[in-house]
Amino acid sequence: MKIEPGDSLGKRYELKMKKLNYTLILSFLLLCSFSITSCHSHKEGDSHEKTEHHHEDDDDEHDHDHEEDDDDHDHDHDHDHDKAGSHEHEGHNHDEDGLIHLSTKQAARVGVEVDTLRRGTFHSVLHVGGKLLTTNSDESVVVANSTGVATLSSATEGSYISAGTLLASISSDALEGGCSFAKSEAEYEAAKKEYERAQALLKDGVISQKRFDEAKLAYQQAKIAYQSQSSHAGSSGIKVVAKTSGYLKQWMIKQGEYVSVGQSIAVVSKNNRLQLVADVPACGFQQLRSFRSANFIPSYGSETYSLDEMNGKLLSYGKSSSSSSFVPVSFEFDNKGNFLSDSYVEVFLLGAEEKNVLSIPLTAVTEEQGLHFVYIQECIGLYRKMPVKLGESDGIRIRVLSGLKEGDCLVVKGAYQVKLASMSSAIPEGHSHNH
């Protein structure tokens, strides 16, 4: 049906179509607007997530920086640099390569010393026991200068005494005849009067020369006896003193013992020269002629002493074994170490000299469960633990059988401190004990 434009029905239709077009256009615009908004929101979300991720990365980096700062603060602030510019850290003392970190400052603080290993001479060694004895020329015997009961001083065997030190007092008050000093004084006075009288009689020709000589001799003897006691007389009796300085080696009498004139009371040793007597098993007799010197360690100490550094010399070696199947080898040396006589020692007899031997100081060796280790300096501030196989020792150095080579930079002192550094980040200050 054809609708004319002027018709009312046509107008309504035309109006209806316009509304429909408006609705479609509005819907299309709303849809486009929603799409644009969604895209914009999605982009903003991505940007926000990226921003948040970036902030998280910044936070992580910031936290990491703080952790690194904290780690830096955990390290010692003292850093040492070598000439090549290597940086040493104090704190982490052990890494995955087995290297031990110990800065130059730490090493110096705990007494670590390094030396380059070189081959040299070494002696064959026989390890035995022995004893220190005084020489006869260094001993003096203190004797009683009176008869009576001896009261000993408080000096003990082994103690040092000076010349003039009181060792004993001898009293005869309780004995029959009374005080010997009083008796000698009376005898002296009587002999003196008799001598003076004999002088006058001889002048007058009343007595013979022989009679006068007898009176004179009696007077001189009484005078000597009296003066020898008068200079040492005291309230407790006659004093007996040491004539020389030295060590009280031995008491020859007991407290309260009766003594007579000339009896030995004590032995004093000057201790200037000592003898080292090593007891060599009979099976080592064939080696005796090769021994020319020795090192030893006293039973009351840990330091090793060398006879070569104390003017030592070989005295003799035995030609027969004792009942205990030992042959004595005797040395004499200057007592520069204030040693005690009659003390036992650990002896390292030095025999034939060997050349081109690799040996190290005993101070460089540490021990763990029966195994021996040393420490090598790889470079400034870095050390490595090395197992070694060792041979005989002369008490100062020890032969190296395997594990080291010539030219190695060896820790010769403070090895125990490096060992502690490998186990802990804390290095004890002022501790220098070596094993």
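Let me start with a question: does Tyr195 count as buried or exposed? At 15% relative accessibility, Tyr195 counts as buried, because the cut-off for buried is under 20%. Keep in mind that this is a predicted model.

Now the pairs. In general, a pair of aromatic rings is described by two things, the distance of the centres and the angle of the planes. With centres within 6.5 Å as the rule, the count here comes to nine aromatic pairs. I will go through two of them.

One is Tyr195 with Tyr219. The ring centres are 4.9 Å apart and the planes are at 5 degrees, so this pair is stacked; stacked requires planes under 30 degrees apart. Tyr195 is in helix H3, residues 180–204, and Tyr219 is in helix H4, residues 209–230, so the pair ties together parts that are 24 residues apart in sequence. Tyr219 is buried as well, with a relative accessible area of 14%.

Another is Phe296 with Phe333. Here the centres are 5.5 Å apart and the planes are at 45 degrees, so the pair is tilted. Phe296 belongs to strand E14, residues 293–298, and Phe333 to strand E17, residues 326–334. The two are 37 residues apart, and the pair links distant parts of the chain. Both Phe296 and Phe333 are buried.

Back to the tyrosines for a moment. Tyr195 and Tyr219 form one aromatic cluster together with Tyr188 and Phe212.

Last item, a charge and a ring. Lys385 lies over the face of Phe373, 4.4 Å from the ring centre.

That is what I had.

Notes: Residues numbered from 1 in each chain as written. Predicted model: local features only at pLDDT ≥ 70, side-chain atom pairs only at ≥ 80, totals over all residues. Heavy atoms only, no water. Phe/Tyr/Trp six-rings, centres within 6.5 Å; stacked < 30°, edge-to-face > 60°. Helix = DSSP H or I, 4+ residues; strand = E, 2+ residues; numbered from the N terminus. Buried < 20%, exposed > 50% of the residue type's maximum accessible area, 1.4 Å probe, protein only. Lys NZ or Arg CZ within 6 Å of the ring centre and 35° of its normal.
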